[in-house]
Each structure stands twice: as C-alpha cells, then as structure tokens.
Amino acid sequence: MNTYKKLIAATALAVLAGGMTMGAASAKTFVYCSEASPEGFDPGLYTGGNTFDASAHTVYNRLLEFKPGTTEPIPGLAESWEISDDGLQYTFKLRKGVKFQTTDFFTPTRDLNADDVIFSYERQWKADHPWNKYVTGTSWEYFAGMGLPELLQSIEKVDDMTVKFTLKRREAPFLANVAMPFASIMSKEYADKLQADGAMNQLNQKPLGTGPFAFVGYQQDAVIRYKANPDYWGGKQKIDDLVFAITTDASVRYQKLKAGECHLMPYPNPSDVASMKADPNLKVAEQEGLNVAYFAYNTTQAPFDKVEVRKALNMAINKQAIVDGVFQGLATPAKNPIPPTMWSYDEATVDDKYDPEAAKKMLEEAGVKDLTLKVWAMPVARPYMVNARRAAELIQSDFQKVGVKVEIVSYEWAEYLDKSKDKNRDGAVILGWTGDNGDPDNFLDTLLGCDAVGGNNRAQWCNKEFDELVTKAKETTDVAERTALYKQAQAVFKKEAPWATLDHSLSVVPMRKGVEGFHQSPLGDFAFDGVDIVE
C-alpha cells in the first residue's frame, strides 16, 4: 500500500471509529474537510451554506434540482410540471417509485407521494401546523423572507402523484425557488412517527430523505457520517461512505488535504493557493463567485438611521485594502448588492469614494461625535469573506481615522447568525451571501426586502420604494422589464446605503488529483452526488 492509500485508510478508520465499519475492501470512503458545524439538519430552518451542504445536498431532494455546475432548474422529485396561462398555477407530476432512505432509526413503508410535498411546505407556511414551531427559537427564515406566506394561495393534492400550487400573484423565480435547499422534501411518515413518539426534535437531528446519501451519525463539532443510499432514484453513488471532517481552521484543512487525510476542502487561505496549484498531488478549481460580502448597519438604531451617517462611514472604508489584505487579489471591491456575473447588474453605479477627510466632515455635519461602534466579525471562513476578523481590524483602523472607535465582537457561528438577526442588535455586521438560485431576487428581495426584516435583512431596512421595485420585478417574466426594475432598485440601495458593499470573491476549491465528478457550483454548494475517487 502506498503512502497516500495508508493515509486515507488511517483517516477513514479514525473518523469512522465508533460508528461505521469499512465493509468490503473495495469500499470507497470520501472525506470532505468541511469548514463549520451545521446549525442543524432541517434545511428549512436555516440559511447557512455549510448547513445546506450537510443536509439538503446530501440527505434530501427537492421538486426541482439545479443542473450540476449551473443555475438551471431541472426535474428532481417532480419529473414534469405545467404552468397555467395566467402564471398562477404550477402543477407538478411526481416521479414514481422514489424511496425514502432506510436507516437504523426508521424504516419507511411507502414511496414518496403528494402528502410528503404538502407536509414539507405547509409546516413552514401555516402557523397552526403542528410542526410549525417544533424547534424552539428558530423560524422558517427563508420561506418567510422570500414572501412565500403572502404569495401562496393554496397547495392541493390532485392525486397521490400530483401536487398543484396556486399563487396569489405571478412570481417569475418560482421554479428556481422550489429548487432551493429550504424547499427540501421530508418524509411525512417519518414525521408522523416522531410526533407520535414525542420526539419531534429528532427531525432536526436525525434527517431522513430521498437523497443520494443516508445520515448515519454526528459527533458534535467533529464529524458527520453518511452512507450511500442503495435505493437512490438517481442510482447508487460510486463512493460508499461520505465523511464530513469538521475543520474550522483553513491552514489545518490544507495540511489535511496535503497529507491525504481528506479529498477536498472549501475556502483555502488566499496565501496558500499558489502552493496548492504547484502541488502535483492536488488540483484547484476556480470560478467567479456568485457572491457579495457586506457590512450591514442596523438602520433602525441611531445614529445609523441617518443616511448621511451611513454614507460617511462607507466613505471611510478602504475596500481595496480589504481585497488586498484579506484576499490577496482573489476578489474585487463591490459596489452593488448583486455580483457582476449576475444579469441586471448595473455597471453605471458610482461607488462611494474612499475619502476619510470627506467622511469625517460628513459625520461632523450630522452631529456625530465620540461614536463607538461594535463591528461583528464572523468566526468562520465563507466564500465571500475568508477572514472576517482581519477585515474587521482593517475597518477598525479606517474608522479610527475619522474619529470612530470600534469594538470587534464575535460569537460561535450558529449564535452569530441568530443574534445578528435581532431587530434591536447594536453595531454593524460583516456577513455576505452566495446566490441560491441565480436570480437577482435571491439577493435583492431576500436580503433587503421588507419581508426579510428580522431575518436575512441584517440591516433591518424597509424602504417602500425599493420594496415596490423588487416586488414588481417578480411579477413579470419579461427579462428586459425585470432588468430595468432591478437597476432602479440598485440605485435606491446605493442612495440609501443600508450596507457598505465590501467585495465579490473568486471561488477556489482545492482537491486531491484522484477526485473525479465534482462540479463546482456557482451557488457555492458542496454536493457529492456523482463524485468518485480514482487512484
């Protein structure tokens, strides 16, 4: 056995100890050095990409899926669909013979049917549904933030294999929306059993779906184990066992990758990319990221409720220094809230100029002095911000030049995401977004719409003019009209400055040479359906 094989075998045995046996000598174990622990395993409850990777993209499927490597919706659990002439009714024909996973904790007795689809949506939609509040302190953030409670008129079971959605108004991105992680289809039979047993929380701890991998076990903050679903409707995977080895430090992830202790890792340190490309045992995939990093003020709190204060602070931030110091060139400064690779991006936008002297004068004219600001820095690397602590330190230095004192704060990742949603939160939050469906609505409405206040809208910014523009854009399928409306919305955003837009980053994915079949996703997903290891 060569050194590489020995390292892989040792790693697989170590991470699988106590929960999974290797089985036949020919069994393949794929180890993914993931960057953070999942918040839970019910994708409807969360918005974090690492949580979706551990749940939606492994265990579950949706009515539609995105074609690997693209933002094109293709058939998933629904093999076909029809849209009414008025654009208000979507009728989905379900794929026959789709089986839910058989695990140590549940054995299904029936295939997927319309009841599962209706359950998966109604639990997020209806406040009186028994599963609507089954996890204390959480909410259906995506479902609500995208305005689906107000959009849906009804969801009907036409027959066992047909479901009809009726909308109150036209919604251009609807098909892309139902392909998103929050819309994953659960087993109603499994949920009914958990409810009868008084163990409803298990749905968020022991997931069970129709996807390519079945959940085996989770050791908190250490490892998640999956096995290939032998009954997967898309065919059994080429790898037998999938392991998420949770490794929060990018340098440690790189060392594990070099040593052959994992096959693929996300979010490398920019300073390591050149050496990764030079390593004959590795290969590096790259593409423009469909993302944005931002610095969100709480626009309901003084003095950040004043646009002139927000504009002044934006002018004090040296974004080029952040791009150079944090990304070492693997990013570009952002001026709009959507990335330049997305249709409807407004090239004509004029960015806030970096001008500390003008910023200082504007703050004085606004009557702001002796200001102390909390700057929230993420504890984990994300595709749009690989080192938020370093970015916060650079902003701290910038603000000091205009007389603003900064206290940098942070929390564990799940707590960070939760606390930053608080409408009464003080300070400004470094966060960002990678598009989930390739539509501008997924940025503009999801992150800045009035429905998202208290959720994904970390600026707590509800602007009537902006909201009307993005709502109107959803109600037409005319791309030219939608583009014009989204450009107007970007102009309102820039004028009102609820965020400082920081950067758009390049997506870099290093992996072992023997990895085949991995599709780098423009949506930032790490999904392993179709992946193989070739020696």
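Is helix 3 mostly covered or mostly uncovered? Helix 3 is mostly covered: 11 of its 12 residues are buried. Buried means under 20% relative accessible area, exposed over 50%, and partly exposed in between, with a 1.4 Å probe and protein chains only. The model is a predicted one: local features need pLDDT of at least 70, side-chain atom pairs count only at pLDDT 80 or more, and totals for chains, interfaces and linings use all residues. Numbering runs from 1 along each chain as its sequence is written, and side-chain values use heavy atoms, with hydrogens and water left out.

Start with the helix itself. Helices (H or I, at least four residues) and strands (E, at least two) are DSSP runs, numbered from the N terminus. Helix 3 covers residues 114–125. From its first C-alpha to its last it reaches 16 Å, close to the 16 Å expected at 1.5 Å a residue. That expected span is 1.5 Å times one less than the number of residues. At the start of helix 3, a side-chain oxygen of N113 comes to within 2.8 Å of the backbone nitrogen of D115.

Now look at what surrounds the helix. Its buried residues include V117, I118, F119, Y121 and W125. The buried residues of helix 3 pack against strand 5 (89–94), strand 6 (152–159) and strand 7 (162–167), among other elements. Helix 4 (141–145), helix 5 (148–151) and helix 7 (188–196) are also among these partners. Contact here means heavy atoms within 4.5 Å.

Next come the rings. A pair of aromatic rings is described by the distance of the centres and the angle of the planes. Rings of Phe, Tyr and Trp (its six-membered ring) pair if their centres lie within 6.5 Å; planes under 30 degrees apart count as stacked, over 60 as edge-to-face and the rest as tilted. The structure holds 36 aromatic pairs. One of them joins F92 and F165, edge-to-face, at 5.6 Å centre to centre and 85° between the planes. F92 lies in strand 5 and F165 in strand 7, so this pair ties together parts that are 73 residues apart in sequence. F92 is buried, at 0% relative accessible area. F165 also counts as buried, at 0%. F119 and W131 have ring centres 6.0 Å apart and planes at 85°, so they too are edge-to-face. F119 belongs to helix 3 and W131 to the loop between helix 3 and helix 4, so the pair links parts 12 residues apart in sequence. F119 is buried at 4%, and W131 is buried at 1%.

Charges complete the tour. Side chains of opposite charge can pair when their charged atoms come close. A salt bridge is a side-chain nitrogen of Lys or Arg within 4 Å of a carboxyl oxygen of Asp or Glu. The count comes to 30 salt bridges. In one of them, D42 meets R123, with the closest N and O atoms 2.8 Å apart. D42 sits in the loop between strand 1 (29–32) and helix 2 (49–54) and R123 in helix 3, so the pair ties together parts 81 residues apart in sequence. Both D42 and R123 are buried.

E122 counts as buried at 17%, whereas K126 is partly exposed at 32%. D160 and K157 form another salt bridge, at 3.1 Å. D160 is partly exposed at 44%, and K157 is partly exposed at 37%. Shared partners join R169, E171, D441, D445, K474 and E475 into one salt-bridge network.

Key: Polar contact = N/O pair within 3.5 Å; in protein donor to acceptor, adjacent residues only side chain to side chain.
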